[in-house]
Amino acid sequence: MNLSFSFLKIYDILVKNREQSDRMLKDFLLDSSEKNNIKKQIYKYIHLHRRISKIALLQAFNLPQTTLTRIIYDLQDKGFIYNDGTGEPSGGRPPTYYAVVPNAAYVIGIDISRTHVTALLTNILFEEVEKIQYKLHAIDTPETVIPKLIMDLKNLLTKYRIKDKALLGIGIGSVGPLDREKGIILNPDSFVANEWNNVPIVEMLNKEFSLPITLNNGANTAAYAEYYLNSLLNDSILYCINGYGVRTGFLESGVPGNNQAGDSSAAGHIIIDINGKDCICGKKGCLAAYTTYKSLLDEIVAKKDISILTIEDNAFDFIMKLLKNNDSEVQELVLQSAYYYGVGISNMINILHPNKVFLHGKLIYQYSAYYEKVVKTIKENINITTNITIQKSKLGEKSVALGGAIEIYNAYFK
């Protein structure tokens, strides 16, 4: 028997079965008929809980056992879920568990930040298959970056033999303000290239991909990723990003609280000193004027009487280089910035009353004294101190893109 031929044949059969499952899952999710709705809800419930028993499904959906059994068998036959073994018995037969087939379909999540673009190809469980990432420079305009991104995404889909029927869509988390309905990045500040204004990002991608594409604030998609992947289903979440801008996202039991313009960067323009420093927005005393990397760099340049033209690094790398050299003046300025950031977040907490606060940003992750100062300041200035958790983002740098992928998946259930 030719073993290599045998293995190749088996592989081809598996690929064909996967492609059939891909096509069927997308069609299944697109079917919004009343008859199919209960099946979709059961699928979503299994997906949400990752692994769940038939007993738990009966309790959650209050269906006759014969009806639920029929639906489970149907989902299994179509390759959407599988029998994941049994659990420990509690006086009777051991419970049977079910889980979602991970490669039944795929999703793409994209993070458009001021300094980088990241795209994640994930399976239906939002597990990373492969990542694309570009660092943005002054020459990287939308007209150069987006076509490159499209080409690289197409190459990625070809590499993994994923066709349109297997791809649920593309979810984008971006710096705002945004026109989410029209899919346009409006006029964000502090991009390294000045041309990122009025960018019809969804239209540009739709010309090459006939798929659902969503656009939302990156801070909101990051919050959604924490909410969904860490099973924080009954929590209210404040997600705070600080770097070259200040962005926040807020979810109340999974529902985002945005303004119509979709400007998560508005948090950076909370006024913390009415007679304070000038801000790029034209006002005085905004949070961003005290906490962004650019504002910190300006403080360091003024304090040390350095010419900014002699600095070859970007603002964050230059700041971190001085911190690693134990520069006491820079340490003091960074911790002062952390204090202002903590005050700004405490104001948001006092208004929104989240019970989970996630902090995201390179200084948060890479300079522990900064993170500790932010948390200490928040706790000193919030009115409600019980039932609130303040912590670093669990998902880190991937959170924005992952949240975009999750938003696409959930759009099939609306």
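Does Lys-148 count as buried, partly exposed or exposed, and at what relative accessibility? In this predicted model, Lys-148 has a relative accessibility of 38% and therefore counts as partly exposed. Its salt-bridge partner is Asp-152, with N and O 3.4 Å apart. Asp-152 counts as buried, at 17% relative accessibility. Both residues belong to helix H5 (residues 142–159), where a spacing of 4 residues places them about one turn of the helix apart.

Another joins Asp-235 to Lys-356, with 3.7 Å between the closest N and O atoms. Here distant parts of the chain are linked, 121 residues apart: Asp-235 sits in the loop between helix H7 (218–229) and strand S11 (236–242), and Lys-356 in strand S14 (residues 356–360). Asp-235 and Lys-356 are both buried. A further salt bridge, at 3.0 Å from N to O, brings together Lys-304 and Glu-329. Because Lys-304 lies in helix H9 (residues 293–304) and Glu-329 in helix H11 (residues 328–352), this contact ties together parts 25 residues apart in sequence. Lys-304 is partly exposed at 27% relative accessibility, and Glu-329 is partly exposed at 32%.

Turning to the strands, an open antiparallel sheet is built from 3 of them in the order S1-S3-S2. Strands S1 (51–53) and S2 (81–86) are at the edges with a single partner strand each, so one side of each has no neighbour in the sheet. Between S2 and S3 (residues 96–100) there are 4 bridges, and Thr-86 stands opposite Thr-96 in S3. Helix H3 (residues 54–61) packs on this sheet, touching S1 and S3, and its direction makes about 80 degrees with that of S1.

Definitions and conventions: Residues are numbered from 1 along each chain as its sequence is written. This is a predicted model: local features need pLDDT of at least 70, side-chain atom pairs count only at pLDDT 80 or more; totals for chains, interfaces and linings use all residues. Side-chain values use heavy atoms; hydrogens and water are left out. Two strands pair if DSSP finds at least two bridges between them. Helices (H or I, at least four residues) and strands (E, at least two) are DSSP runs, numbered from the N terminus. Contact means heavy atoms within 4.5 Å. Axes are lines fitted to C-alpha atoms, for helices over the stretch in contact, and angles run from 0 to 180 degrees between N-to-C directions. A salt bridge is a side-chain nitrogen of Lys or Arg within 4 Å of a carboxyl oxygen of Asp or Glu. Buried means under 20% relative accessible area, exposed over 50%, partly exposed in between (1.4 Å probe, protein chains only).
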